[in-house]
Amino acid sequence: MFKSEVLTVSEPVNQQIYRQLRKAIITCQVLPGVLLSEKDISSQFNVSRQPVREAFIKLAEAGLVQILPQRGTFVTKISVKKVIDGQFIRDAVECAIIKRAAQEISDSDLLLLEKNLKEQIDANKHKNIGYFLEKDDEFHQIIMNVIDCPMAWETVENIKAMMDRVRYLTLEDISPPEDLVKQHEKIVIALKKHDPEMATLALHEHLATILKTIKIVSQQHTIWFVD
């Protein structure tokens, strides 16, 4: 089992369970190959099986679990190909967005990014990897919000689920947070200059980091990865 949080009334139950399970898988609280029990998880959250089943379906769509009829729902291993494919798609989407964002970004948007950077630095200072990942996601979401395209973030969030597992595994020593913060700072500098090409290049270099780190981490944790 994993450490769960109390459900609230502010969001559909299935969405909350999905997000908590997603986080547990990404942060290795639930390891690849583990069987997820519908019954146990519904008991843990004190809900019926239906929202748990719906959460499993959404996790399967994100590639985090595999639902096998008559056998159960298993946490998938990390697919190197899916990570590389996901990076390709994410790069295409986010680079297109930041070109527009560089032209349209406001002072208030830039203040949000500056605040976010400080929170990233604080998270790193206190070795809070989970919080750092949240702030990393928020950084990219703020940029997407500049052009008012919520579907873009929904798309990226779904395709990067497999990538997030790699991000978590590499933050200790392969791709330390301080390096990622510096990359984020370059992106903000470009946005402040309202320079689309500079911003695109900075973002592209940032997103390409995972192509280097996955080679290292997949060799360190061979039983968790598949080609």
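**Helix α4 and its partners**

Tutor: Helix α4 and helix α11 (residues 209-220) pack at an angle of about 170 degrees, with axes 10 Å apart. That makes α4 roughly antiparallel to α11, a label for angles over 145 degrees. Axes are lines fitted to C-alpha atoms, for helices over the stretch in contact, and angles run from 0 to 180 degrees between N-to-C directions. Helices are DSSP runs (H or I, at least four residues), numbered from the N terminus.

This is a predicted model: local features need pLDDT of at least 70, side-chain atom pairs count only at pLDDT 80 or more, and totals for chains, interfaces and linings use all residues. Residues are numbered from 1 along each chain as its sequence is written, and side-chain values use heavy atoms, leaving out hydrogens and water.

Now the residues. From α4, Val 80, Val 83, Ile 84 and Gln 87 meet Ile 210, Leu 211, Ile 214 and Ser 218 of α11. Contact means heavy atoms within 4.5 Å. By class, this contact has 6 nonpolar, 2 polar and no charged residues. Ala, Val, Leu, Ile, Met, Phe, Trp, Tyr, Cys and Pro count as nonpolar; Asp, Glu, Lys and Arg as charged; the others, Gly among them, as polar.

Next comes α8. Helix α4 (residues 80-104) packs against helix α8 (residues 161-170) at about 110 degrees, with axes 8 Å apart. That makes α4 roughly perpendicular to α8, the term for 65 to 115 degrees. Here Lys 82, Val 83, Gly 86, Gln 87 and Arg 90 of α4 meet Met 162, Met 163 and Val 166 of α8. The classes are 4 nonpolar, 2 polar and 2 charged residues.

How values were computed. Helix = DSSP H or I, 4+ residues; strand = E, 2+ residues; numbered from the N terminus. Parallel < 35°, antiparallel > 145°, perpendicular 65-115°, else oblique.
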